[in-house]
Amino acid sequence: MHYLKKNFLLSCTEINCLGNTKKMFRLFIFLFLISISLSAQKSGSRAAFELRGAGRGLSIDKVYLVYEVGSKRIYDSVKIDNGRFILKGNIDYPTRATLCNNREFSMSRSNSAEVYLEPAVMEIKLDYYDFSTAEVTGSKTQDEYSQLEKVKQTLYSRRDSISLLMRTYFGRITLASDPQVKLQLENELGILEKLSDDNKTAEMEMDFDFIRQNPSSFIAPSLLYYRLAKKEGILHYETIISLADGLSQEVKQSPSGARLFKRISDFKNSKVGSTAPDFTLKDCNGQILSLTDFREKKYVLIDFWASWCEPCRQDLPFLKDVYGKYKDKGFEIISISRDNNLNSWRKAIADEKIGFWKHISAAENQTKMEDDYLVTAIPVKILINRRGEIIGRWKGSGDENKMQLKKILEETFDRE
């Protein structure tokens, strides 16, 4: 303010000297307003975007758009007129959005498309019944995304072929009656699974290379966020941290950047070796339950599940077995349900006869515990020792996970 006063007085002196007071005063006000405008732009103020669409093929009534501004999710739609539409809005930064042909946002490659919005006029060409062919112009961030996707197409094709072969092998193994034939098929399936893992790693390395070369790209946080939820990404955790730290300051401060660093924080707090995030919640009997209640007393297995999750329920006989074997030796299970329908949740507990361990409804408690433990899909099981440290973490069902958990429990309790 002192600077403005000083320059204003100087301008007045010059005005008097030149004898052109009105003209110079207007110029000063004009420049002052420009400086305010520029200052607002630098602080990340919202700017307008416009997405103009033109469709090929048969028309549908509307298109639907969803995107986020800060912590708010925006849903928008517009009627298609003579094959064309225009969607408008305001965003802070280049923003990932989903364009869809149905209001339920039931998404597939044919009926939805990922679009990176920018504060600019953009155009998109669509086949309304096959969004996978969408072409977007006018967005630098979208150009970067499209180029990366183009480079990865060979890996995508290989992934689809391997997945198709694996489904075929699963079917053949199910039908095989000869043990030798079944064993051979399982060995060949194992080779396919290794090829699938290698392909996923190659996709991830392409993402990493892109980020190294483009640390100022606004698609970088989304790429890293996605990788942290995958097995191959977790194995390269240190690389992900390094790449995130190397992003430009503007990208770090964007909503997608903030979301990435929140996920990194949650991952650090919920990985094996970390102290388990504490919680205090109400269980199915209305009793208040805290994780710290078990500190120095019991090993705790947290089981994230839901009544509608078939793999979750397939694991219950195994959980009943280990609970019965070790509950008197210092072992407890706390099941955290994703059920929104509390009646279905309580019915599943009764039907499966698992009411003798602890049960908590995430919906009833309105808890973000799944975020704290970085649970993106169920089932997930997390084993915590008496010191409150995470000593095991398993995503998904399957015999391998059960055998690993069983081995830890045997080594812990059978030697006591």
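This is a predicted model: local features need pLDDT of at least 70, side-chain atom pairs count only at pLDDT 80 or more; totals for chains, interfaces and linings use all residues.
Figure 1. Leaving aside residues up to four places away in sequence, S217 touches E144, F210 and V251. A polar atom of the S217 side chain lies 3.3 Å from the backbone nitrogen of I219. S217 and T141 are 76 residues apart along the chain, yet their C-alpha atoms are separated by 6.9 Å.

**Figure 2. Helix α6 and its buried residues.** Helix α6 spans residues 220-227. Of its 8 residues, 7 are buried, so the helix is largely enclosed by the rest of the structure. The buried residues are A220, P221, S222, L223, L224, Y225 and R227.

**Figure 3. S254 between two helices.** S254 has its place in the loop between α9 (249-253) and α10 (255-270). With 1% relative accessibility, S254 counts as buried. When residues up to four places away in sequence are not counted, S254 touches Y93 and F218.

**Figure 4. The disulfide between C309 and C312.** The sulfur atoms of C309 and C312 are 2.3 Å apart, which lies within the 2.5 Å cut-off for a disulfide. By this rule the count comes to 1 disulfide. The torsion about the S-S bond of C309 and C312 is about 75°, so the disulfide is right-handed. C309 is buried, with a relative accessible area of 5%, and C312 is likewise buried, at 2%.

**Figure 5. Two further buried cysteines, C100 and C284.** C100 has 0% relative accessibility and counts as buried. C284 has a relative accessible area of 17%; this residue counts as buried because the cut-off is under 20%.

**Figure 6. The open sheet β3-β2-β5-β6.** In this view, 4 strands form an open sheet in the order β3-β2-β5-β6, with antiparallel pairing. The edge strands are β3 (72-79) and β6 (112-117), each of which pairs on one side only. From one strand to the next, the twist averages 25°. Strands of a sheet pair through backbone hydrogen bonds, in either a parallel or an antiparallel manner.

**Figure 7. Pairing of β2 with β3.** Strand β2 (residues 62-69) is joined to β3 by 8 bridges, and the two strands run antiparallel.

Figure 8. Helix α3 comprises residues 140-151 and lies across β5 (95-100) and β6. The helix runs at about 135° to β6.

**Figure 9. The whole chain, as context for the close-up views.** The chain contains 16 helices and 15 strands. Of its 416 residues, 42% are buried. Among contacts between residues at least 6 apart in sequence, 63% join residues at least 24 apart. The accessible surface of the chain comes to about 23,700 Å². Carbon and sulfur atoms account for 51% of that surface.

How values were computed
Residues are numbered from 1 along each chain as its sequence is written. Side-chain values use heavy atoms; hydrogens and water are left out. Buried means under 20% relative accessible area, exposed over 50%, partly exposed in between (1.4 Å probe, protein chains only). Two strands pair if DSSP finds at least two bridges between them. Axes are lines fitted to C-alpha atoms, for helices over the stretch in contact, and angles run from 0 to 180 degrees between N-to-C directions. Contact means heavy atoms within 4.5 Å. Accessible areas come from the Shrake-Rupley method with a 1.4 Å probe; for residues, only the protein chains shown count as cover. A polar contact is a pair of N or O atoms within 3.5 Å; within protein, one must be able to donate a hydrogen and the other to accept it, and residues adjacent in sequence count only if both atoms are side-chain atoms.
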